[in-house]
Amino acid sequence: MSGKSARAPKATTPPRRARARTALTALLLAVLGATALTGCGGDDDGDGSASARPTPTPPDTASFSGSPAPGLSSLEASARERASAAASSASARASEFEASASAEVKRANDAAQEQLKDVKGRGNATADVSLTGKPRADTGNLLAVVVAITNRTDETASYAVQVDFRDPDGKVVETRFVGAEDLEPGERAEPVAISRKPPEPRLTAEIAKAQRY
């Protein structure tokens, strides 16, 4: 046995290969933890809990035809045809009535003018006639008066009336004739006399002549 003193044993150190494996394991755990945090943070509802949100699926537009069903199309076409035919028929009837009424009114007015041609004075029927103005809102701002004619006799009679329109100076600026034919006793007619003069100056209508015949 030598005289040298015994030395304390050196502390043992882990092998290099073991230290490498430990470092690699720690690195992997860190990466996995960061990935998990990133995935949860995007869907956080604000209370710390993650929620799964479904992704909407767009409709399959390839299955849309873009046109109504054949039965519906035929029904719509039929309804349009019936409505058009009804409108045309109503318009035709209105036109026929208007033409007939206008012709009748013109004939009566022409007859009235002819009857009054030789009448002296104001005629024999002024007491059977009166005038009532129509609102200009209903006549397109034209001056129009309703000539009310009442047969106050006990026999059938016809009437001819002359309506004069005077300006503010009292001058006659327009004359219209209206008539009513074959009125029964007590029967009443209401033809309309219309002035074609401008709204201004304001005109006044009056019965100039009224003849019963």
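Guide: The model is predicted, and local features need pLDDT of at least 70 while side-chain atom pairs count only at pLDDT 80 or more, although totals for chains, interfaces and linings use all residues. Residues are numbered from 1 along each chain as its sequence is written, and side-chain values use heavy atoms, with hydrogens and water left out.

R202 sits in the loop between β6 (192–194) and β7, where helices (H or I, at least four residues) and strands (E, at least two) are DSSP runs numbered from the N terminus. With a relative accessible area of 46%, R202 is partly exposed; buried means under 20%, exposed over 50%, and partly exposed in between, using a 1.4 Å probe and protein chains only. Once its neighbours within four places in sequence are set aside, R202 is in contact with R136, R166, D167 and P168, contact meaning heavy atoms within 4.5 Å. The C-alpha atoms of R202 and L143 are separated by 8.7 Å, and these residues are 59 apart along the chain.

Two strands count as paired if DSSP finds at least two bridges between them, and β3 and β4 pair in the antiparallel sense over nine bridges. One of the facing pairs is V161, which stands opposite V178 in β4.

Because its relative accessibility is 8%, D128 counts as buried. Its side chain makes a polar contact at 3.4 Å with the side chain of R152 and another, also at 3.4 Å, with that of Y159. Beyond its neighbours within four places in sequence, D128 is in contact with A148, I149, T150, R152, Y159 and R212.

T150, in strand β2 (residues 144–150), is buried at 13% relative accessibility. Its side chain makes a polar contact with that of R188 at 3.5 Å, and, neighbours within four places aside, T150 is in contact with D128, Y159, G186, E187 and R188.

Charged pairs continue this picture. Side chains of opposite charge can pair when their charged atoms come close; here a salt bridge is a side-chain nitrogen of Lys or Arg within 4 Å of a carboxyl oxygen of Asp or Glu. D128 forms one with R152, the closest N and O atoms being 3.4 Å apart. This pair links distant parts of the chain, with D128 in the loop between α2 and β1 and R152 in the loop between β2 and β3 (157–166), 24 residues apart. R152 counts as exposed at 58% relative accessibility. Salt bridges that share partners join D128, R152 and R212 into one network.

Elsewhere, the side chains of R188 and E190 meet in a salt bridge at 3.0 Å, N to O, and E190 is partly exposed at 47% relative accessibility. R107 forms a salt bridge with E181, the closest N and O atoms being 2.5 Å apart. R107 lies in helix α2 and E181 in strand β4 (residues 172–183), so the pair ties together parts that are 74 residues apart in sequence. Both residues are partly exposed, R107 with a relative accessible area of 42% and E181 with 29%. A search of the whole structure finds nine salt bridges.

Finally, the whole protein has two helices and seven strands, running α-α-β-β-β-β-β-β-β from the N terminus on. Buried residues make up 21% of its 213 residues, and residues 24 or more positions apart account for 66% of the contacts with a separation of 6 or more.

Conventions
A polar contact is a pair of N or O atoms within 3.5 Å; within protein, one must be able to donate a hydrogen and the other to accept it, and residues adjacent in sequence count only if both atoms are side-chain atoms.
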